[in-house]
Amino acid sequence: MTIDWSWISGHTDDLTTLTVSHLQAALSAVLLGLLISLPLAVVAHRVRPLRGFLLGLSNVLFTIPSIAVFVLLLPVSGLTRTTTVIGLTIYTLVVLLRNTVEGLDSVPTRTKEAAKAMGTRPLRTLLTVEFPLALPVIMAGVRIATVMSISLVSVATYIGDGGLGQLFTDGFQRNFPTPVIVGVVLTLLLAVVADALLVAVQYVLTPWTRRRA
């Protein structure tokens, strides 16, 4: 299997466009997943009867095949980027929701009681004490969700989107391996770079973990 380097040099603009589109879809899904999972995680953490229901529901949604999710969304949002983002968001929820709940659970009770004793209101305690201490666990979920979303964007090729996944379709249809190889390499690079950046963000946002180490 050989690579046609002239094809790569002649399609740099297309590759850049597809890479940016791929990344936009993945990051949009992760951000939307965070916006949904954070409040749901607080509810699951504080209202124990709802904990099993919310976590179980996210697990059930995760078992639905990705292609089936996109197909089910077609009558609602059509052949648009919205369908891709909604479908990917569904898959991020199981990771983000569970990790956020586990992160909140990991906050020591004594720490919360100390904040309460100082007269800190519940909402402020959540934002300034619980979420910061839960951040390492939450960030672990964000990293997993980001890498997972980057890998799943290609499936949206079946609905006319898919970012770098379009290279796979093009290569297979023409029996031309170069686009397939380039698509795989760029997808892997996106995942590695995104994960490394998130590690750096976590390092900056959690200085107390370094002091503890």
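Accessible areas here come from the Shrake-Rupley method with a 1.4 Å probe, and for residues only the protein chains shown count as cover. With that in hand, hello everyone: this protein exposes about 11700 Å², and carbon and sulfur atoms supply 69% of that area.

A word on the source. What you see is a predicted model, where local features need pLDDT of at least 70, side-chain atom pairs count only at pLDDT 80 or more, and totals for chains, interfaces and linings use all residues. Residues are numbered from 1 along each chain as its sequence is written, and side-chain values use heavy atoms, with hydrogens and water left out.

Let's start with the overall picture. The protein has ten helices and zero strands; both are DSSP runs numbered from the N terminus, helices being H or I with at least four residues and strands E with at least two. The C-alpha trace spans about 70 × 40 × 25 Å along its principal axes. Of the 213 residues, 43% count as buried, where buried means under 20% relative accessible area, exposed over 50%, and partly exposed in between, with a 1.4 Å probe and protein chains only.

Now, which helix gives the most to the nonpolar patch? That is helix α3, residues 48-62, with three residues. The patch is formed on the surface by Val43, Val47, Leu50, Phe53 and Leu57, with about 400 Å² of accessible area together. Patches are made of residues with over 30% relative accessible area and no salt bridge; nonpolar side chains (Val, Leu, Ile, Met, Phe, Trp, Tyr) are joined within 5 Å, and like charges within 9 Å. Val47 sits in the loop between α2 (12-46) and α3.

On to charges. A salt bridge is a side-chain nitrogen of Lys or Arg within 4 Å of a carboxyl oxygen of Asp or Glu, and the count comes to five. One of them pairs Arg48 with Asp105, with the closest N and O atoms 3.7 Å apart. Arg48 lies in helix α3 and Asp105 in helix α5 (residues 81-105), so this pair ties together parts 57 residues apart in sequence. Asp105 also forms a salt bridge with Arg51, at 2.4 Å between the closest N and O atoms.

Is Arg51 buried or exposed? Arg51 counts as buried because its relative accessibility is 19%, while Arg48 is partly exposed at 49%.

Finally, Arg174 pairs with Asp170 at 2.9 Å; both lie in helix α8 (residues 165-174), four residues apart, about one helical turn.
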